[in-house]
Amino acid sequence: MRILEATSETQGDRDDDYHWCTDGELTYIQGTDCDRPDCGCERGWAGVDSHRATTTVQVVDRPGMAVADLAADLALSLFDGGWLTTPDPTDELVSVYVDEIIDIANHFEVGDVLWRNGEVVGRRHDRADRDFVAWIEDNFPKAS
Ligand SMILES: [Zn+2]
């Protein structure tokens, strides 16, 4: 199955990037963003193990992973974070996050690096766009 893992790929391409997660850890979108304009949590993905956040995640295929594994990991993390009173993988909150991860991961391609802003999620083109512009400039020099 496809999941969303924290990645440092394309980190720093945007001035407001941050990456306090561990590369490769499972991430999800935490349910609530605060109202502080300078916070940045509306751009963050939550790390299941680190309980920290990053602005960049990658769509990764984990063939050995099942939905039940994903639910168990999330339930444990939510329990550790104080969001659940027991690490119950059948909890409704877990299901909401699991469904969202699956929806997002299946909407994009494996290897894509994603950004979010609130409810909007997109593929990051920063590095690819910059490389492409450099390639165009190298191969098609402007006529003087
Ligand atoms: Zn915030």
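Thr10 lies in the loop between β1 (2-6) and β2 (27-28), where strands are DSSP runs of E of at least two residues and helices are runs of H or I of at least four, numbered from the N terminus. This is a predicted model, in which local features need pLDDT of at least 70 and side-chain atom pairs count only at pLDDT 80 or more, while totals for chains, interfaces and linings use all residues. Residues are numbered from 1 along each chain as its sequence is written.

Most residues other than glycine have a negative phi. Thr10, which is not glycine, has a positive phi near 70 degrees. His51 also has a positive phi without being glycine, near 60 degrees, and sits in the loop between β3 (45-47) and β4 (53-54). Pro37 is in the loop between β2 and β3.

A residue is buried if 20 or more other C-beta atoms lie within 10 Å of its own, exposed if 12 or fewer, and partly exposed in between, with C-beta atoms placed from the backbone.

| Residue | C-beta atoms within 10 Å | Class |
|---|---|---|
| Thr10 | 21 | buried |
| His51 | 13 | partly exposed |
| Pro37 | 7 | exposed |

An open sheet of 4 strands is ordered β1-β5-β6-β7, with antiparallel pairing; two strands pair if DSSP finds at least two bridges between them. β1 and β7 are the edge strands, each with a single partner, so one side of each has no neighbour in the sheet. From one strand to the next, the twist averages 35 degrees, where axes are lines fitted to C-alpha atoms, for helices over the stretch in contact, and angles run from 0 to 180 degrees between N-to-C directions.

Strand β5 (residues 57-61) is joined to β6 by 2 bridges, and the two run antiparallel. In this pair, Gln58 stands opposite Val113 of β6. β6 (residues 113-117) is joined in turn to β7 (residues 120-123) by 4 bridges, again antiparallel, with Leu114 opposite Arg123 in β7. β6 and β7 form a hairpin with 2 residues between them, and Gly118 in the turn has a positive phi of about 65 degrees.

Helix α2 (residues 92-107) lies across β1, β5 and β7 and runs at about 95 degrees to β1. Contact here means that the C-beta atoms of two residues, placed from the backbone, lie within 7 Å.
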